[in-house]
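Here are a few friendly notes to read alongside the structure. Take them one at a time, and keep the 3D view open as you go.

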Amino acid sequence: MNMSFLRISIWVYLAIFFAYLLGPLVIMSITAFNSSGFPRMSPWECLTFQWFGELFQDQRILNGIKNSLIIGAGTVVLSVAMGLAGALMLTQIWPKLRATYYTIIIAPILIPGVVLGISTLVFWDRINRMLGLGADSFLSNGIFLTVIGQSTFIASYCMLVLVARLQRYDLALTEAALDLGATHAQAFRKILLPFMRPAIASAAVLAFLASFENYNTTTFTFGEYPTLTIELAQKVRYGITPAISALAFIIVALTVFFALLNEAKLKRQELVAAARKEATVEELAGKIKLPSFFSGNMAAVLLVMFAVATITVVGTAMAYNPAQCIADVKEEKRLEAEQRIQELRKQREEQRKQREAEQGDAQQSTPKPSNNSGFGNVFAPNTLGGQDDESSAEPDNQPSGNSGFGNVFDPNSLKTDE
Amino acid sequence: MPGFLRDFFNRNGFGMGLAILGLVLFWTIGLIILPQLSMLDFSFRPNLPPPEIGGPKDVYTLENYKYLIYGPEGGSQSYNAVDLRVFFRTLIAAVCVTIFNLIICYPIAYYLGQSKGNHIRIFAIMLIIPYWINEILRAFALRIIFGETGVLNTLFVGLGIWDTPFDFIRNDIALYAGLGYAYILLMIFPMYNVIESLDGNQIEAARDLGAPWWRIHWRVVIPYAKPGISSGCTMVFMLSAGALAAPQILGGPSSLWFTQLIYQQFNDNNDWPQGAAYAIVLLVTCILFVLAMMRLFKVNMGDIGK
């Protein structure tokens, strides 16, 4: 097979794959800026920032964010603590028990979230009853149940992250500290914890994100404290608005920002390390010239561009007023609707004439009173019904005529497209 | 005190040892084992109002499991056709989603694992970013695309390929795309981890010996990547069978996912034991299915999660 053909097809495949992965997020972000009342890209109406304003006035969303933050903090503390304990236990557990123990603590990752939520709810409900506490006790509190339910499986993620670093830990360090007279708690706090700190930080971030976005477990346990995800699910299930796109845009932007920030930091550390390695002894003794934040650091450049773009957008949002454009679109829609009314009227008129001609042929002697009125067809079924068979001869026309006019004068008809 | 425990406390000190042991026991027993057992117990009990719980009527019964198979007592049908159909549909669809994900992710994992360079890190970030976005919002994004006035329909109708908008949601295409989308990362990373550690010389050797590219994959890469493939497939299968958000948002009005039935039992019918029984059936079936598949493809349990 031709190598260049293979290479091209790989790139095409990568492009399609990442389009599938990132395309939906991009499209969703764009819909946040369209003034159309339904989140969509086309037809593009006006650039607007009104959905962001609407988002920040939504009390349920704000309340959800608050609950999510509280639950996230609780979950981070509990699951990092349990994950660390679980990882420490894994490194020193009796070898025969090791496989069983590992299976037990890894299982929550594979158990469906729905099952975890139900089992948490059922179990703590039973404990609550056994202790004879009421329905409003601490044990049936939504925040408590959600933290417990989420920590069950998030602790497994934390454990996996922490155990990877713990395997590189030299136990001799702790032993040395103990020999030098430290207590176990001191050795843990001064030796092991600083070593584990990067892993603990990543585990905490992971735990917070997992808690923040969890739906399956939380939906059974949240009680009276709906999290942001729960609120979003309610909203999305019963009608979607671009305000959700606005929220999604904010989350996407924050994610990209922190990913770039992290990447830029890592890259800089690498560059500094490389510079140190290449530096001569004199340079090290004197002032070492470290690479600046931007040199050779693609991520940092992107980061700054991203920040500038954000500031520009926010600045525009402050100054920009889409009222004129929205008014234009409304006007356009009104004209369009009016045109449609005209067309309908014309159609009606023609139909009426046609029928008149037919009726005229049938019975010329009796003129129809309804014919004088412009809206004659609306009332036609009543007037015609008693007099002749014509109306039953064309039953298809009459109902459609009625509904046609009915819609036109319905005040909602102008808004249906919005 | 048994020897193991004494060693443990000697090594960690009494206070630290107690803290570690306490947390681990709380996690494994209090959060993992007891709730599952409690749910199992609960699923064998009748649905009683709170005052009657623990009373004479609170006896073990198979009623909840019978309901799934035979439907309500005195019902017109001999089997609970609706719920059973949803159950099998969920399992089959989850298998299809898993296979679909495996097929589209394998080339990516292979490419990322075997090529070197700076752009790999950019790709990794691009892979992770969608995973950090809320599950609900990911489903919402797909709904914008697949909706009746969504991007795809506007595009195809605008181009004149279709005359009328195609209802992706009613035909469940949106649902399968959404489930596949949600768990791509869980398929790629285990495979990537394994393929990355494959020595490129093995591939070179196979190529030098004249193997065509498909045989290199079939005889060298796939056997080596089997642990990664199996853990990826296990995770995607379990998570898509247990998914709730994507079916709720992207599923058609007439098609249900089994987790939605469980959700209805809990929230709409207020029949917790019934819901617990359904959850147990789902969990046990999924585990048995995964174990059977692992035996079929000769994968060891210990390879999972590596």
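Notes on chain B

1. Let's start with a pair of helices near the end of the chain list. In this predicted model, α13(B) and α14(B) are roughly antiparallel to each other, because their axes cross at roughly 160° and an angle over 145 degrees counts as roughly antiparallel. Helix α13 of chain B covers residues 258-267 and helix α14 of chain B covers residues 272-296, and their axes come within 7 Å. The crossing of α13(B) past α14(B) is left-handed.

2. Which residues of α13(B) and α14(B) meet? From α13(B) come Phe258(B), Leu261(B), Ile262(B), Gln265(B) and Phe266(B). On the α14(B) side they face Trp272(B), Gln274(B), Gly275(B), Tyr278(B), Ala279(B) and Leu282(B). Sorted by class, this contact has eight nonpolar and three polar residues, with no charged ones.

3. Now step back to the whole chain.

4. Next, the overall dimensions. The C-alpha trace of chain B spans about 75 × 75 × 35 Å along its principal axes. The radius of gyration of chain B is 24 Å, whereas a compact globule of 306 residues would have one near 19 Å.

5. Chain B is divided into two parts: domain 1 takes in 1-43 and domain 2 takes in 50-303. The centres of these two domains of chain B are 33 Å apart, taken over C-alpha atoms. Where the domains touch, four residues of domain 1 of chain B are in contact with seven residues of domain 2 of chain B. The domain 1 side of that contact has three nonpolar residues, one polar and no charged.

6. Finally, look at how the two chains meet. Chain B gives 66 residues to the contact and chain A gives 70. Helix α2 of chain B, residues 14-43, supplies the largest share of the chain B side, with 15 residues. What classes of residue make up the side of chain B that touches chain A? There are 47 nonpolar, 16 polar and three charged residues there.

How values were computed
Residues are numbered from 1 along each chain as its sequence is written. Chains are lettered from A and ligands numbered from 1 in the order in which they are written. This is a predicted model: local features need pLDDT of at least 70, side-chain atom pairs count only at pLDDT 80 or more; totals for chains, interfaces and linings use all residues. Domain bounds come from an automatic or database domain assignment. Two residues are in contact if their C-beta atoms, placed from the backbone, lie within 7 Å. Ala, Val, Leu, Ile, Met, Phe, Trp, Tyr, Cys and Pro count as nonpolar, Asp, Glu, Lys and Arg as charged, and the others, Gly among them, as polar. Axes are lines fitted to C-alpha atoms, for helices over the stretch in contact, and angles run from 0 to 180 degrees between N-to-C directions. Helices (H or I, at least four residues) and strands (E, at least two) are DSSP runs, numbered from the N terminus. Angles under 35 degrees count as roughly parallel, over 145 as roughly antiparallel, 65 to 115 as roughly perpendicular and the rest as oblique. A crossing is left-handed if the near helix is turned anticlockwise from the far one by less than a right angle, and right-handed if clockwise. The radius of gyration is taken over C-alpha atoms; the globule rule is 2.2 Å times the number of residues to the power 0.38.
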